[in-house]
Amino acid sequence: KNKKMKMGWLEKQSKHLRLFRRRWIEAYPQDKLCSYSKSSSASPTEIIDLSGVHKAYKSNINFNEFIIAYFEDGDIKSRRFRADTIEQVNEWIDFFNQTCNDDNHSCTRCD
C-alpha cells in the first residue's frame, strides 16, 4: 500500500549555519520536502528534492534525531532533523524509506 504525504513539526538543521530551527514539514514521497516557519505560511523556507533519497536513519548522537541521505548533483548530501519523540523519529524514518510508485503526491503548495 502506498502512503501519501506526511506532515508535522520537526526541528531541521539549517544548510549553512547548522542551527536547528523548528519547522512545519510537508513531505511528499519520492517528490519533495517543503519546510515552513509556520504551518499557515504560504511560501516554504526550503524545498528539498526527495526523488534522490538514498536512505533515512537514526543519529547515533541524539536519540530523537534522524538523518536523510540523498543524492544531489552527483554527490551524497545529508540533512539532520529532530522530532519530539522516538516514535515520531521512527515514523519519519519509515516514511522516507518507503518506496512509492504513486503519481498522486505532487506538492501543489510549493510549486
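User: Let's start with K6: does K6 count as buried or exposed, and at what relative accessibility?

Analyst: Keep in mind that this is a predicted model. K6 sits in strand 1. The cut-off for buried is under 20% relative accessible area. K6 falls under that cut-off, so it counts as buried, at 17%.

User: Which side chain does the side chain of K6 make a polar contact with?

Analyst: Leaving out neighbours within four places in sequence, K6 is in contact with I25, E26, A27, E91, W92 and F95. One of these also gives a polar contact between side chains, at 3.5 Å. The partner there is E91.

User: How is the chain laid out, and in what order do the elements run from the N terminus on?

Analyst: The secondary structure comes to one helix and seven strands. Buried residues make up 43% of the 111 residues. Among contacts with a separation of 6 or more, 44% are between residues 24 or more positions apart. From the N terminus on, the order is β-β-β-β-β-β-β-α.

User: What does helix 1 reach from its first C-alpha to its last?

Analyst: Helix 1 covers residues 86-97, which is twelve residues. At 1.5 Å a residue you'd expect 16 Å, and the reach in the model is close to that. The value is 16 Å.

User: Why do the buried residues of helix 1 line one face, and what arc do they fall within?

Analyst: The buried ones in helix 1 are V89, W92, I93, F95 and F96. In general, an α-helix has 3.6 residues a turn, so residues three or four places apart point the same way. Seen down the axis of helix 1, its buried residues keep to a limited arc, so they line one face; that arc is 160°.

User: How are the rings of W92 and F95 arranged as a pair?

Analyst: A search of the whole structure finds six aromatic pairs. For W92 and F95, the ring centres are 6.1 Å apart and the planes are at 75°. Planes over 60 degrees apart count as edge-to-face. That makes the W92 and F95 pair edge-to-face.

User: Which residues form one aromatic cluster with W92 and F95?

Analyst: W92 and F95 are three residues apart in helix 1, so about one helical turn separates them. W92 is buried, with a relative accessible area of 3%, and F95 is buried too, at 4%. The cluster they belong to also takes in F66, F81 and F96.

User: How many of the residues of strand 3 are buried?

Analyst: In a regular strand the side chains alternate between the two faces of the sheet. In strand 3, K32, C34 and Y36 point one way while L33 and S35 point the other way, and all are buried. Strand 3 is therefore largely enclosed by the rest of the structure, with a buried count of five of the five.

User: In strand 3, what is the bridge partner of Y28?

Analyst: Strand 2 and strand 3 pair in the antiparallel sense over five bridges. They form a hairpin with three residues between them, and Q30 in the turn has a positive phi of about 60°. Across that pairing, the partner of Y28 is K32.

User: Moving on to strand 4, which residue there stands opposite L33?

Analyst: Strand 3 and strand 4 run antiparallel and are joined by four bridges. Strand 4 has E46 and I48 on its covered face, with I47 and D49 on the uncovered one. Opposite L33 stands I48.

User: How far apart in space are G52 and D31, C-alpha to C-alpha?

Analyst: G52 lies in the loop between strand 4 and strand 5. G52 is buried, with a relative accessible area of 16%, and it touches Y70 and F71, not counting residues up to four places away in sequence. G52 and D31 are 21 residues apart in sequence, and their spacing in space is 8.7 Å.

Technical notes:
Residues are numbered from 1 along each chain as its sequence is written. This is a predicted model: local features need pLDDT of at least 70, side-chain atom pairs count only at pLDDT 80 or more; totals for chains, interfaces and linings use all residues. Side-chain values use heavy atoms; hydrogens and water are left out. Helices (H or I, at least four residues) and strands (E, at least two) are DSSP runs, numbered from the N terminus. The expected span of a helix is 1.5 Å times one less than its number of residues. Buried means under 20% relative accessible area, exposed over 50%, partly exposed in between (1.4 Å probe, protein chains only). The arc is that of the directions from the helix axis to the C-beta atoms. Two strands pair if DSSP finds at least two bridges between them. A polar contact is a pair of N or O atoms within 3.5 Å; within protein, one must be able to donate a hydrogen and the other to accept it, and residues adjacent in sequence count only if both atoms are side-chain atoms. Contact means heavy atoms within 4.5 Å. Rings of Phe, Tyr and Trp (its six-membered ring) pair if their centres lie within 6.5 Å; planes under 30 degrees apart count as stacked, over 60 as edge-to-face and the rest as tilted.
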